[in-house]
Amino acid sequence: MRKIFLLAFFSLIIVTASHAQVSNDTLVLVYGKMLKASDSSVLTGNILYEKLPYYDDMGMASVQSDGTYEVQLIQGESYNFSVTKNGFKKYKKEIKVNGTLNHDIYLVEDVVELMKLENLIFARGSDQISSSSFQELDELAEYLNENPTLIIQLEGHTDFAGNPDANMRLSEARVLAVKEYLIDKKVKKNRIFTKAFGGSQPVTQERTDEAKALNRRVEVRFIRR
């Protein structure tokens, strides 16, 4: 019985000490804005924070529509802040929390002049967009709506097999289908140009099924920023 009592007593001391340690952690406010580096316009999204070195305190801070965020972090600790956002280079920075901290985050655009829509799939010989393509197109529409000065040209390509005139008509129909999808997602139509190439600009001259799939594509050309 004495051993049981002593074990319970020391367990209580350990729990009490642990609780005291947790209670001694002082939370302080870290706040700021998430902005585009080029013009300081506001951005939205999420900020991942991770306490160093063991990542034993982590979470996600939501950025509001005015670009602001707030999070309570432990005084005296170091954290990694990281942001992954479509159209921008990944942001990662270590910060030391010494009292209330104003920390603005500037994201740098990942400039790509010509981008292939990797997951855009059409029904065979058709301009009907597969539902599996919607996520990629939604992300493109979101990026365009967040960057209203961007103007793009959608460029359609088929493989070079078959009738050249039919391939030209098909590539034109497909880029127009993508344009209509983006317009339905609130992208202004005067920001979207289209151009059809049919099978005249293949990326490979091979005639395998894999090569034909590579040649059938829609690319996005950023023509004004």
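This is a predicted model: local features need pLDDT of at least 70, side-chain atom pairs count only at pLDDT 80 or more; totals for chains, interfaces and linings use all residues.
**Entry 1: Lysine 179**

I started with lysine 179 and listed its contacts, skipping neighbours within four places in sequence: Leu154, Lys189, Ile192 and Thr194. Next I looked up where lysine 179 sits, and the place is helix H3. That helix runs over 164-184.

Is lysine 179 buried or exposed? I got 18% relative accessibility. The cut-off for buried is under 20%, so lysine 179 counts as buried.

I also checked a distance to phenylalanine 193, which is 14 residues away from lysine 179 along the chain. Their C-alpha atoms are separated by 8.1 Å.

**Entry 2: Lysine 186**

I stayed in this part of the chain and went on to lysine 186. It belongs to the loop that links helix H3 (164-184) to strand S11 (192-196).

Lysine 186 has a relative accessible area of 68%. Exposed means over 50%, so lysine 186 is exposed.

**Entry 3: Serine 40**

I turned to another positive phi, at serine 40. The angle is about 60 degrees, and serine 40 isn't a glycine either. Where does serine 40 lie? I found it in the loop between strand S1 (27-36) and S2.

For cover, I read off 40% relative accessibility at serine 40. That value falls between the 20% and 50% cut-offs, so serine 40 counts as partly exposed.

**Entry 4: A peptide bond to remember**

Which residues does the cis peptide bond I looked up join? They are leucine 52 and proline 53, with omega at about 5 degrees. I flagged this one because most peptide bonds are trans. Proline 53 is in the loop that connects strand S2 (45-51) with strand S3 (58-63).

**Entry 5: The whole protein**

Last, I zoomed out. I counted 4 helices and 12 strands in the secondary structure. The protein has 225 residues, and 37% of them are buried.

I finished with contacts between residues at least 6 apart in sequence. Of these, 64% join residues at least 24 apart.

How values were computed. Residues are numbered from 1 along each chain as its sequence is written. Side-chain values use heavy atoms; hydrogens and water are left out. Helices (H or I, at least four residues) and strands (E, at least two) are DSSP runs, numbered from the N terminus. Buried means under 20% relative accessible area, exposed over 50%, partly exposed in between (1.4 Å probe, protein chains only). Contact means heavy atoms within 4.5 Å.
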